[in-house]
Amino acid sequence: MFDNYRSIFNIKGAARFSIAGFVARMHLSMDRLALLLIVVHETGSYALAGLMVATASVVITISQPYWSRAADSFGQGKVLYINTIFRFFGFSIFIFLVHYKYPIWTWFVSIIFAELNTISAGGLVRRRWILVLPEERLKTAAFSFEALVDEIVFVFGPLIATALSTSIAPEAGLFASMLFVIVGQPALARLKDTEPPIEKVRKKSGEVSIMRRKSAQAIVLPIFFVGAYFGSVGICVVAFMNSINKSHLTGLMLAIWALGSGTAALFNGVIRWKLTNAKLFTYSLNFLFIAAFGLLISKSLLLLAIFLFINGLGISPVLVNAYAVMEKEVSKNELTEAMTWVVTGTPTGGAIGSAIAGQVIDSSGTSWGFLIPLLSLLLANLALLPYLKVWIRLRSRS
């Protein structure tokens with residue numbers, strides 16, 4: 001049943017770069033939750049916390065494609081070392097300012113600098129898989145496995161961040177996040193045998209940049225609104241758990257959400273789908289919207305856990321198939337940047353979603369806050385319509 005997974009890890013060096021990539025992106029599930037917990041602890045305002053997370057998320061969206069383009073142009077190893085140093089320095093400043101209660105505007109300045117140094121380790125790892133894998137079916141297995149890794153990250157990251165931030169100190173979650181970065185990114189950088197060759201970007205006559213192509217926009221725009229869903233669900237769960245005096249279980253609830261996505265990712269890599277990746281993408285997006293209705297009726301801890309798991313089942317199929325569709329739409333020397341563009345809109349979408357949800361929660365309560373994830377997914381599905389001709393072509397492609 002799992003022959004595809006066995007095949008990809010029989011390739012020399014594959015296990016090493018996948019493990020290094022896992023460690024390098026653990027911070028992705030910790031940073032913004034830890035940031036949210038710090039700001040709520042220090043100020044008591046979900047609106048301000050949402051704004052802080054929103055600021056960080058927008059900066060991530062801006063920075064990631066440039067770091068990925070630099071990795072193609074100068075090599076993953078060199079770029080990862082430089083990024084690690086800058087990121088460590090940025091977050092150290094932020095923690096210092098929070099700990100010694102400097103003015104809140106200085107927190108914003110420092111978090112902007114810190115998040116300018118966010119690199120997509122997941123994109124770098126997927127680029128390595130494309131390099132070492134010869135068969136299309138194995139690429140699907142590899143993308144599914146990395147989606148599973150992403151969900152493992154989002155199972156354990158929130159648990160670690162919440163436990164450390166609530167039991168030791170508000171800053172402890174960010175300290176742990178920094179540790180994963182300074183261990184994982186250099187570990188990935190050292191693996192030269194699977195590092196993609198430096199690709200000098202040479203555009204053909206008349207060729208436009210990735211995000212000026214309708215096929216790329218058709219993928220990135222819906223994912224942007226999926227990001228709003230991610231961000232709004234996160235802050236809604238934090239608020240819900242606080243409202244029932246179960247804040248210590250926040251990480252567990254977010255882990256259940258990620259567990260649903262990881263389960264779907266595991267089986268996605270072994271099923272031989274007869275549908276195209278584009279069809280699977282649109283169907284998964286439809287399912288995710290329908291599943292989000294369950295969050296509106298989650299009035300108890302048990303119901304919330306059940307519907308978070310069901311929602312999770314739709315996440316990894318959306319992302320796995322988005323990567324697969326994008327890969328076929330770009331040239332070889334654009335692959336790392338393209339892999340990053342797939343999800344680069346999610347931080348900004350998440351920023352908007354968390355900010356709006358924070359305002360709604362502060363003014364109307366948690367129950368109304370859960371309306372924001374549903375509306376985000378409605379917009380994600382509606383975002384397919386401006387690119388209907390593109391999707392007809394993509395869906396018909398074998």
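Student: What should I know before I start?

Tutor: Residues are numbered from 1 along each chain as its sequence is written, and side-chain values use heavy atoms, with hydrogens and water left out. This is a predicted model: local features need pLDDT of at least 70, side-chain atom pairs count only at pLDDT 80 or more, and totals for chains, interfaces and linings use all residues.

Student: What is the volume of the second largest pocket?

Tutor: Start with the general idea. Rolling a probe the size of a water molecule over the atoms shows where empty space is left. On a 1 Å grid over the protein atoms alone, a pocket is an open set of points where a 1.4 Å probe fits, with protein on both sides within 12 Å along at least five of seven lines. Points are joined across faces, edges and corners, and the volume is the space filled by probe spheres set on them. Here that volume is about 230 Å³.

Student: Which residues line the second largest pocket?

Tutor: A lining residue has an atom within 4 Å of a point. Among them are Leu37, His41, Thr162, Pro170, Val238 and Thr250. Helix H3 (31-43), helix H8 (136-167) and helix H10 (214-243) each give two or more residues to this lining. Helices are DSSP runs (H or I, at least four residues), numbered from the N terminus.

Student: How many charged residues does the lining have?

Tutor: Asp, Glu, Lys and Arg count as charged. The lining has no charged residues, but four nonpolar and seven polar ones.

Student: How many salt bridges are there?

Tutor: A salt bridge is a side-chain nitrogen of Lys or Arg within 4 Å of a carboxyl oxygen of Asp or Glu. The count is seven. One of them joins arginine 16 and aspartate 193, at 2.6 Å from N to O. Arginine 16 lies in helix H2 (residues 14-24) and aspartate 193 in the loop between helix H9 (172-189) and H10, so the pair ties together parts 177 residues apart in sequence.

Student: Is arginine 25 buried or exposed?

Tutor: Buried means under 20% relative accessible area, exposed over 50%, and partly exposed in between (1.4 Å probe, protein chains only). Arginine 25 is buried, at 1%. Arginine 16, by contrast, is partly exposed, at 43%.

Student: Which residues are linked with Arg25 in a network of salt bridges?

Tutor: Arg126, Glu146 and Asp150. Arginine 25 meets glutamate 146 at 2.5 Å, N to O. Its closest N and O atoms with aspartate 150 are 2.7 Å apart. Glutamate 146 is buried, at 0%, and aspartate 150 is buried too.
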